[in-house]
Amino acid sequence: MRVNGTEQTLAQPTTLAQFLAQQGYRVERIVVERNGEIVPKAAYASVQLCDSDVIEIVSFMGGG
């Protein structure tokens with residue numbers, strides 16, 4: 001699986017929600033694209049990741 005341009009191997013079947021939690025992402029502050037399509041936050045727990053997936057995770061930054 002490629003995440004933000006870096007190859008990663010899935011050790012076991014993992015949902016997108018599990019992967020994001022393991023990586024320390026705060027889901028309220030990110031948008032995830034999987035294989036060229038935006039994944040709705042409501043679907044994170046049901047999306048099963050595959051070794052062939054290409055994932056882009058974009059974090060929102062606050063400032064002022």
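Let me start with charge: the mean positions of the 5 positive and 7 negative charges of the protein chain lie 9 Å apart, where Lys and Arg count as positive and Asp and Glu as negative, with His and the chain ends not counted, and where the place of a charge is NZ of Lys, CZ of Arg, CG of Asp or CD of Glu. Please keep in mind that this is a predicted model, in which local features need pLDDT of at least 70 and side-chain atom pairs count only at pLDDT 80 or more, while totals for chains, interfaces and linings use all residues. Residues are numbered from 1 along each chain as its sequence is written, and side-chain values use heavy atoms, with hydrogens and water left out.

Turning to the fold, the protein chain has 1 helix and 5 strands, which follow one another from the N terminus as β-β-α-β-β-β; helices here are DSSP runs of H or I with at least four residues, and strands are runs of E with at least two. The radius of gyration, taken over C-alpha atoms, is 12 Å, close to the 11 Å that the globule rule gives for 64 residues, so the chain is as compact as a globular protein of that length; the rule itself is 2.2 Å times the number of residues to the power 0.38.

The strands form an open sheet of 5 with the order β2-β1-β5-β3-β4 and mixed pairing, where two strands pair if DSSP finds at least two bridges between them. Its edge strands, each pairing on one side only, are β2 (6–7) and β4 (37–39). Strand β1, residues 2–3, runs antiparallel to β2 and is joined to it by 2 bridges, and Val3 has Thr6 as its bridge partner in β2.

Leaving aside residues up to four places away in sequence, Thr14 touches Phe19, Gln22, Val47, Gln48 and Leu49, contact meaning heavy atoms within 4.5 Å. With that same exclusion, the residues that Leu49 touches include Met1, Leu10, Thr14, Phe19 and Ile55.
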